[in-house]
Amino acid sequence: MPMAIGKIIGQGRTADIHEFDQDKIVKLFHEKTPEDWVDYEYKINLVANQFGCSVPKIHEKTLIDGRYGLVFDYIEGDLVTDLLKKPFQNPKHIAMHTASAHAKVNAVAFGSSGHPFDENSIVLSRQYDYFTKKIKASDALSPEEKDD
């Protein structure tokens, strides 16, 4: 019997996050999100899980009402976007902490087999290139911060 999606608990540029089952969530991508992007994100999360990174466990890729979804364990806690809205928060500290977590995921997976072109390295190098371009294009950082 297929599980029904629950209420929306988060929204982003490419997907909505819904309650799903007792201890899981589903990241339900917008209809126009290409399937290869969903597959790419699925692979990144599998690699992160495989190497013991502190990320929610991914369970499966699914299709619900014509939309692709990824099912994860539900982790209780604050969202980064909510933290940034709280008074007395240091956005630079939060950004550095988030970047550090991303770097740990990449450090664990890059070259994991000892071969410079293993499948995990190729998948995550695309992510590195993507975020490098986003950082360089950001108006919120100084040129010095972009180079760090």
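Which residues of β3 are buried on one side, and which on the other?

1. Basis. This is a predicted model, in which local features need pLDDT of at least 70, side-chain atom pairs count only at pLDDT 80 or more, and totals for chains, interfaces and linings use all residues. Residues are numbered from 1 along each chain as its sequence is written, and side-chain values use heavy atoms, with hydrogens and water left out.

2. Composition. The protein contains 5 helices and 5 strands, taken as DSSP runs numbered from the N terminus (helices: H or I, at least four residues; strands: E, at least two). Their order from the N terminus is β-β-β-α-β-β-α-α-α-α.

3. Sheet. The 5 strands form an open sheet in the order β1-β2-β3-β5-β4, with antiparallel pairing; two strands count as paired if DSSP finds at least two bridges between them. At the edges lie β1 (5-11) and β4 (58-64), each of which pairs on one side only. On average, neighbouring strands of the sheet are turned by 30 degrees against each other, direction ignored.

4. The strand β3. On one side of β3, Lys24, Val26 and Leu28 are buried, and on the other Ile25, Lys27 and Phe29 are buried, so both faces are covered. Buried here means under 20% relative accessible area, with exposed over 50% and partly exposed in between (1.4 Å probe, protein chains only). Because 6 of the 6 residues of β3 are buried, the strand is largely enclosed by the rest of the structure.

5. Partners of β3. Strand β2 (residues 15-20) runs antiparallel to β3 and is joined to it by 6 bridges, with Phe20 opposite Lys24. The hairpin of these strands has 3 residues between them, and Asp21 takes a positive phi near 70 degrees there. An antiparallel pairing of 5 bridges links β3 to β5, where Lys27 stands opposite Leu70.

6. Over 6 bridges, β4 pairs in the antiparallel sense with β5 (residues 67-73); Glu60 stands opposite Val71. Helix α1 (residues 35-50) lies across β3 (24-29), β4 and β5, and runs at about 165 degrees to β4. Axes are lines fitted to C-alpha atoms, for helices over the stretch in contact, and angles run from 0 to 180 degrees between N-to-C directions.

7. Of the 148 residues in the protein, 28% are buried. Among contacts (heavy atoms within 4.5 Å) with a separation of 6 or more, 40% involve residues 24 or more positions apart.
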